[in-house]
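Hi,

Here is the structure I promised to pass on. Have a look at it first, and my notes follow below.

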Amino acid sequence: MKLPRTFLVTALVFLSIHSAVFGADRKQLDPWLNDELLPFLEDRLGRHPRLKGQPFEVVGANQNSALGKMDGLTAEILRKIVDRLQSVPGANFVERSTIKPWSDRGKSVELACDPQGEATVQVTIEVDNSLDSGDVRVAVQAMDLVENNWVRGFKKIWIGQPTSREKRLMAKQIVDRKLLGSRALPFRGNQPDLLASFLAENLSCHLMRTGEPNLKIFLRNPTEKLPEFLRTTLGLLSHYLARFREVEITNKKHTANVILISNVHTIDSKLLQISLLLRSLDKSIRLPGVGTEAYVYVDSTAAFTQLGSRELTARKAGQNYPLHRSMFDEKF
């Protein structure tokens, strides 16, 4: 049977379109990154009037990011984006530092703070390999962290078949150590040195950006009723802060012009949030919102119910009430 000519033409057109969109002519991930995504990011973050000069960070945003993890393919794309954008004029990349314990040599420490402070724009990378077709979807977009909404017109998507190497990368799970201290990757109860280092460096960087000179911080003694890891953290915190040149630590309140207020809150039965806030004792010193916080995972927060503070809200049958407790003695 001879097929109509119009049918053959229609079929050929369909096959050519299908091949271009779904077949061999479709770009693989690497060429798409180099030819489309990276030039797009350079233009938006380096030259766009709204985003040029804005401090930005790049993060993974897959289903495991809430656990402080990312797959190997997300990590590789992130590294390529950072490597490319670090040298682009006008693009102001901010990188979270990896927390390390300090050696106890009594030497002063030079701060390595980003002069722009915290990121106001977050570039997210989402790799989705759950599509029924077996394709992988890579979406890169930007969140305005100040307005808490997605930046309009800032989105690139690739959908295609992964290579064997890309499949192996997606099967790998990598812990993002730069998220340490966040809710996604809290400190553990056996890491008081890392927790103290994190809090001290964050506070000192915030203070350096205020431009206030001659700051003398008074720290109260931690209460003996605190769990040991928190008492150790606060002891190390005082020691670490004293090693930064930006501040001076004093144990005499009448000589201080700033006081450190510290609190612990229960988020759930095993997760704590530690918050530090600096309050000026001198009206001439302006410290608006200078503070920091970190999350800590502990075996149980039950020990905190024995603190007996008037700030402690008792737990009642089946209800999880938040715990708010000053970590310092109320006596000066």
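To start with, is Lys80 buried, partly exposed or exposed? Lys80 is partly exposed, because its relative accessible area is 23% (buried means under 20%, exposed over 50%, and partly exposed in between, with a 1.4 Å probe and protein chains only).

Before you dig in: this is a predicted model, where local features need pLDDT of at least 70 and side-chain atom pairs count only at pLDDT 80 or more, while totals for chains, interfaces and linings use all residues. Residues are numbered from 1 along each chain as its sequence is written, and side-chain values use heavy atoms, leaving out hydrogens and water.

Salt bridges next. The structure holds 10 of them, each being a side-chain nitrogen of Lys or Arg within 4 Å of a carboxyl oxygen of Asp or Glu. Lys80 is in one with Asp30, with 2.8 Å between the closest N and O atoms. Asp30 sits in helix H2 (residues 29–47) and Lys80 in helix H3 (residues 72–85), so this pair ties together parts that are 50 residues apart in sequence. (Helices, H or I with at least four residues, and strands, E with at least two, are DSSP runs numbered from the N terminus.) Asp30 is partly exposed too, at 29% relative accessibility.

Asp43 also has a salt bridge, to Arg47, at 3.5 Å between the closest N and O atoms. These two are four residues apart in H2, which means about one helical turn separates them. Shared partners link Asp30, Glu76, Lys80 and Arg165 into one salt-bridge network. Elsewhere, Lys27 and Asp35 meet through their side chains at 3.5 Å, N to O; Lys27 is partly exposed at 34%, and so is Asp35 at 48%.

Now the sheet. Five strands form an open sheet with mixed pairing, in the order S3-S1-S4-S5-S6; strands count as paired if DSSP finds at least two bridges between them. Strand S3 (92–93) and strand S6 (149–160) are at the edges with a single partner strand each, so one side of each has no neighbour in the sheet. S5 (residues 136–144) pairs with S6 in the antiparallel sense over eight bridges, and Ala139 stands opposite Ile157 in S6.

Last, helix H5 (residues 192–210). Its 19 residues should span 27 Å at 1.5 Å a residue, and the end C-alpha atoms are 27 Å apart, so the two agree (the expected span is 1.5 Å times one less than the number of residues). Just after H5, Gly211 takes a positive phi of about 75°.

Cheers
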